[in-house]
Amino acid sequence: MKNKRNKWSTTLAIVMVVALVLSACSNSEKNSSSESENNDAGQVTLKMILLGDKPADADLVYQELSKMAQKDINAKIEVTNFTWGEWSQKYSLLFSAGEDFDLIYASNWTDYQGFASKNGFLELTEDLLSKNAPMTWEKTPKDAWEQAKVNGKVYAVPQAVQENGAIGFLLRGDLREKYNVSPVKDMAGLDAYLTAIAKNDQGITPFAYHHGTEGFIRTLFDPNLEAPDNLSVSSNSALTLNVYSKEGMQAKRAFETEGYKNFANTMFRWQKEGILSKNALSQKEKSSELFEAGKSAVQVSSLDQISNTAVAIEKKHPEWKAEIFIPEMTAVPSGYMQNGVAINARSKNPELALQFLDLLKWNKDYSDLTWYGIKGKHWEPVGDDRFKELADSSKYPPGANDPWGWRGPNERWSIESPDEIVKELRDYRKIEHKYPYGYNFIYSDANVKNENAAIQNLAEQYMNPASVGLIDYETAYGRFESAAKKAGLDTTLKDLQAQIDAYKANNP
């Protein structure tokens with residue numbers, strides 16, 4: 001019995017030893033797995049939101065970007081694209097739903113000021129920027145930081161260069177010659193070109209202009225092209241002001257200005273003559289898209305976009321003999337917050353996000369990859385600031401995946417872009433241009449939100465049709481003014497003037 005007990009004790013001891021060894025092995029494996037997880041955890045994933053439809057090779061390009069970021073700052077990069085059809089709705093939901101992300105494209109036209117004032121974006125202090133994005137902090141112009149301020153605080157990194165604010169028209173030289181029209185050198189020449197096509201060519205819309213294009217051409221009808229009334233109020237298009245001088249900076253009714261009257265009267269005439277589409281209000285396509293498709297005889301947009309379209313047309317339709325017309329008017333430099341990147345106020349890795357942004361803006365390899373794609377596949381460099389598109393360029397077109405937020409001095413131009421346009425764009429960025437007196441004025445509708453909303457609805461109901469020539473100006477404005485006064489138009493005008501007066505007091 002004693003021997004059996006000893007044998008049992010020995011067996012039990014062996015089992016316990018084996019169990020301890022197995023347990024140790026298991027713990028070792030767990031520790032090893034835990035260490036691996038910790039290493040992965042140490043390699044943070046930065047989540048970035050970009051706007052626009054995703055190019056075919058976008059994932060491939062950003063896989064390469066992620067490899068670079070892993071090597072340089074030990075961070076993986078994960079990108080989500082909001083398509084043009086969904087972005088405005090999804091953008092605001094990010095904040096109301098408390099979504100997990102780190103960086104997001106931000107600009108004046110995405111309501112940067114609104115989201116910043118509602119604490120959607122992280123405040124970027126001097127200490128935070130200088131430590132984690134030292135090149136950005138040092139090289140970004142002072143005016144850019146001023147334009148990025150909301151209630152005296154910075155909530156986004158603005159672009160670091162000024163873009164030429166001029167606009168251009170791209171025309172069909174073959175049609176101009178066919179209908180015996182002189183080269184277009186001014187707005188009267190453009191009118192003659194469009195009129196000739198309307199009279200002689202029923203297979204094309206002379207100008208596939210739509211309401212979304214209005215911002216490009218409305219100021220061209222102002223009597224004073226050296227200082228047009230150019231700053232509209234986003235939440236109430238019935239208000240405007242002139243920012244060119246302290247004396248001239250006054251609150252105005254936008255639809256009563258001579259510039260708008262000339263514009264609306266011309267649009268009404270163009271509509272009657274068949275120059276504009278009857279579907280101008282409902283049209284979704286931009287003039288550039290319909291021009292490239294051969295459905296319109298003119299495109300209007302920024303010089304950058306004109307340059308890109310001219311390259312595409314030269315390849316697809318050299319027989320069109322594309323020509324460029326740049327109106328002579330004083331062009332205010334595009335604002336620095338036309339493009340920018342903000343950090344989510346809830347980001348767990350704001351320091352690392354800024355380090356990554358510093359690389360995107362100032363490291364040429366990062367800039368080249370995100371703007372033009374993979375070298376040798378989508379493009380190849382030509383000198384320091386030009387590039388040649390390769391066979392796969394269409395799968396990642398230059399600048400197509402929203403790299404505008406980190407626009408900086410490393411940008412390139414296609415070797416096929418017109419030399420005169422490239423020279424104008426490149427030379428413009430070499431000099432820091434002065435902004436008009438009131439350019440940094442920021443409007444707040446805090447006191448008149450309800451009035452503005454009501455008036456904006458009336459403007460869309462009555463004045464949008466006038467802006468595409470579907471109704472004459474006098475009729476449209478008579479109906480609008482009567483309703484808008486009841487909705488508080490005078491109140492909103494006085495509120496705007498009070499804010500202008502406060503701006504002048506602080507900027508003698």
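How many residues apart in helix α2 are Lys-67 and Glu-64, and by about how much of a helical turn are they separated?

Modeller: The model is a predicted one. Lys-67 and Glu-64 are three residues apart in helix α2, which spans residues 58-73, and this places about one helical turn between them. Their side chains meet in a salt bridge, with an N to O distance of 3.4 Å. Lys-67 counts as exposed because its relative accessibility is 52%, where the cut-off for exposed is over 50%. Glu-64, at 31% relative accessibility, counts as partly exposed.

Another of them joins Glu-416 to Lys-315, with 3.5 Å between the closest N and O atoms. Glu-416 lies in the loop between β16 (413-414) and α16 (419-429), whereas Lys-315 belongs to helix α13 (residues 303-316), so the pair ties together parts that are 101 residues apart in sequence. Both partners count as partly exposed, Glu-416 at 33% relative accessibility and Lys-315 at 44%.

A further salt bridge is formed by Lys-377 and Asp-392, whose closest N and O atoms are 2.7 Å apart. Here two loops are linked: Lys-377 lies in the one between α15 (364-372) and β14 (379-382), and Asp-392 in the one between β15 (386-389) and β16, the two residues being 15 residues apart. Lys-377 counts as partly exposed, with a relative accessibility of 29%.

How values were computed
Residues numbered from 1 in each chain as written. Predicted model: local features only at pLDDT ≥ 70, side-chain atom pairs only at ≥ 80, totals over all residues. Heavy atoms only, no water. Salt bridge = Lys/Arg side-chain N within 4 Å of Asp/Glu carboxyl O. Helix = DSSP H or I, 4+ residues; strand = E, 2+ residues; numbered from the N terminus. Buried < 20%, exposed > 50% of the residue type's maximum accessible area, 1.4 Å probe, protein only.
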